[in-house]
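Student: I would like to learn how to read the features of a structure, one at a time. Could you take me through this one?

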Amino acid sequence: MTNLALTRDVSPEINRCELTFIARQPIDATKAAAQHLAYRQTLAKHGLQVVNLPSPPHTPDGVFVEDPAVILDEVAIITRMGSEHRQAEVQSFAEVVKQYRTLHYLAAPGTLEGGDVLRIGKTLFIGRSSRTNQSGVDQLTAIVTPLGYTVRASDVLGCLHFKTGCSYVGQNTVLLNPAWVDSKVFEGYRLLEVSADEPFAANAILLGDTVLHATGAPKTQALLKSLGFTLELVDISELMKAEAGLTCMSQIFQR
């Protein structure tokens with residue numbers, strides 16, 4: 001089966017993006033678009049069929065395509081975004097996703113964003129954050145439990161999304177910032193804590209046996225290499241000014 005990666009162009013309006021936990025800095029939209037192209041090329045190099053979508057008008061956060069949906073093998077859950085200003089991104093993305101999956105929709109008062117959902121096998125780890133509330137967790141749980149999934153939920157503190165502070169890197173191992181994500185939710189997994197002065201280094205993408213990791217975190221990268229992980233570094237420094245992480249800019253799933 002083909003592994004797909006859905007992505008969306010960087011909006012020329014990215015300087016109007018929402019920021020929650022970092023200070024606003026000027027973003028070079030041209031440089032951000034070039035970094036996004038290199039990101040897509042890296043995904044393609046690892047065998048993914050990249051389907052890049054235009055960013056709808058007036059959606060400065062549209063590049064963060066992970067948030068409007070949670071795409072599983074069986075179904076896709078179209079989320080109800082915790083940011084009111086991002087609601088315009090949802091339906092146009094759902095029109096694309098319905099080509100690949102049966103859709104379920106979350107409803108008010110629930111809010112949930114895909115960046116708060118980490119899948120490891122048949123377990124979904126969900127973070128209650130400023131964008132995801134308990135009603136959203138409960139609605140998602142009701143959809144996925146009959147499909148054989150287990151949900152583990154915990155609170156997110158100090159960062160935008162759950163996966164800002166954790167990611168699965170293979171070998172039964174979770175990369176974690178313990179200041180932002182409660183390690184107890186990952187009982188049974190080996191935990192690797194990022195260096196305290198590299199707080200954003202817990203976000204990574206596992207592609208086969210390779211861990212994609214953002215440049216600028218040499219201590220965490222040295223730790224991963226010392227334990228035998230194969231790394232490939234991707235520069236998203238300009239996009240990180242918009243509170244980006246590697247995972248939030250693609251939806252990766254089997255066709």
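Tutor: Let us begin with a definition: two strands pair if DSSP finds at least two bridges between them, where strands (E, at least two residues) and helices (H or I, at least four) are DSSP runs numbered from the N terminus. This is a predicted model, in which local features need pLDDT of at least 70 and side-chain atom pairs count only at pLDDT 80 or more, while totals for chains, interfaces and linings use all residues. Residues are numbered from 1 along each chain as its sequence is written, and side-chain values use heavy atoms, with hydrogens and water left out.

Student: Which residue in β15 is the bridge partner of Leu4?

Tutor: The partner of Leu4 is Phe253, and the strands concerned, β1 (residues 3–8) and β15, pair in the antiparallel sense over 4 bridges.

Student: In what order do the strands of the open sheet stand?

Tutor: The order is β2-β1-β15, an open sheet of 3 strands with mixed pairing. Because β2 (49–53) and β15 (251–254) each have a single partner strand, they stand at the edges, and one side of each is left without a neighbour in the sheet.

Student: Which helix packs on the sheet?

Tutor: Contact means heavy atoms within 4.5 Å, and helix α2 (residues 90–97) packs on the sheet, touching β1, β2 and β15.

Student: How should I read a nonpolar core, and which residues touch the most other members of the largest one?

Tutor: In soluble globular proteins, nonpolar side chains tend to be buried together. A nonpolar core is a set of buried Ala, Val, Leu, Ile, Met, Phe, Trp, Tyr and Cys residues joined through side-chain atoms within 4.5 Å, with buried meaning under 20% relative accessible area, exposed over 50%, and partly exposed in between (1.4 Å probe, protein chains only). The largest core here has 23 residues, and those touching the most other members are Tyr39, Leu43, Phe64, Ile236, Leu239, Leu246 and Met249. Its largest share, 3 residues, comes from α1.

Student: How many residues lie between β12 and β13 in their hairpin?

Tutor: There are 2 residues between them, and Gly208 in the turn has a positive phi of about 65°.

Notes
Axes fitted to C-alpha atoms, helices over the stretch in contact; angles between N-to-C directions.
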